[in-house]
Amino acid sequence: MTNWTDEAAWARTRRPMRTATGLDSAAYVNDEFYLVEQQRVFGQAWVCVGIADEAVAGRMLVRQVGSKSVILTRNETGDLRGFINSCRHRGTELAEADCDVAGTIRCPYHRWGYSLDGALKATPFFDEVPRDDFDKADFGLLPVRVDTWGVLLFACLSDDTPPLLDWLGDLPDRMAGYRLDTWSTVHQASIDIQANWKLITENFQEYYHLTWVHPELAKVSRVADHYRYQGSGMYCGQTTTPVSGDERDEWLALPEAWGLDASDSVSGRFIAIFPNVILSVLPNHVWMMRLDPIAPGITRETCTMLLPTSVQDAGGATAGAGAVDGDLRDDAIAPTRRFWVDVNNEDIDIVQRGQRGLARGGVPAGPLAPRFEEPLHRFHNMLADCMTNDGLSGLQVPTGDQPGDTWGAGENPTPAAIDRVAKGA
Ligand code: FES
Ligand SMILES: [Fe+2]
């Protein structure tokens, strides 16, 4: 049996791009691989657990991170907190699902109560016969690291892993012009996909399949307009510059965010942050997909559409409930949402087929296309880094593309060159 924590198991992934292969089929279907992956990837990485506007004061979020259930709250001063979802008395689950919370987190079993900062405050009747050794200060909720970037919430179960900003590398700077922390949710829906989580993010990371799986999309998002968009950081990315323009244009139906620079205002940025969140950032909206593994062959995909505050203020749509007539909101976002649902259904169909082929075929890992699938190679190496290390304190965040890098079909343009393309120079 393969030992997936041993570097020797990753020899073909560690080869240079032009001789590397994809992952062994076991990585997508094998229970043992999945268990190690839950421990070494989802138990050590910064895992996306939601959208910032879900974690508002008065709400408690419940999310699975690796093998642990985690709750997230905001305390009285608005600080985000994360805890293991387990009472310090006899370990009971504190919350089953996202819920409202007043000032106190109450265990349903014997009503021990915790503050939103996790401190144990109430132990009904516990002291009627005092114990010699009991101090409430010793029994606060177990903390979990949490942090935010832009609109995204992250949690990390390991104390060894570098801070979120190190994990993200140059991405916050690269995406700063979008001011994503001001964007908010207008639509969210979850679907269970019969495929391993890696197949879904790999499919997102390559546009090799565009012509055949998305014939309509390929008309408006030309293969020739795709470039890599990868700096230093635990992410893979590509950009479409210029983003499409023809009569279909559903994803350009909403007004553009204010204040974007010349490149951002004509581009689509497609970013897969390792391990489990994929972002399509357009000048006027974001379509985000968070991937929660359920089993080797099942992934819950939560799709969220976000709009910039400037677009919402312009009256096209409004986030949240109640402020503006719901029909108006739905009318404004419907074409864009429909566009993504159609494209996503095409992707779901092909990744489920990929899963079936891997599960029932078990063929050896095949070669990756250097022109189109370098992000998969990068992603597979991040996976290998996590799988082979018990503790990520020494993590080497991947470097980014260098000016002049070539990938089969020609030079990978630098951002400045992309800008010139965008302007038609
Ligand atoms: S298990 Fe929570 S109060 Fe007893
Ligand atoms: Fe696709």
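A polar contact is a pair of N or O atoms within 3.5 Å; within protein, one must be able to donate a hydrogen and the other to accept it, and residues adjacent in sequence count only if both atoms are side-chain atoms. The model is predicted, with local features needing pLDDT of at least 70, side-chain atom pairs counting only at pLDDT 80 or more, and totals for chains, interfaces and linings using all residues. Residues are numbered from 1 along each chain as its sequence is written, chains are lettered from A and ligands numbered from 1 in the order in which they are written, and side-chain values use heavy atoms, without hydrogens and water.

**View 1. Start and surroundings of helix 6.** A side-chain oxygen of N196 comes within 2.9 Å of the backbone nitrogen of K198 at the start of helix 6. Helices (H or I, at least four residues) and strands (E, at least two) are DSSP runs, numbered from the N terminus. Nine of the nine residues of helix 6 (residues 197-205) are buried, so the helix is largely enclosed by the rest of the structure. Buried means under 20% relative accessible area (1.4 Å probe, protein chains only).

**View 2. Hairpin of strands 16 and 17.** Two residues separate strand 16 from strand 17 in this hairpin. A295 has I298 of strand 17 as its bridge partner.

Conventions: Buried means under 20% relative accessible area, exposed over 50%, partly exposed in between (1.4 Å probe, protein chains only). Two strands pair if DSSP finds at least two bridges between them.
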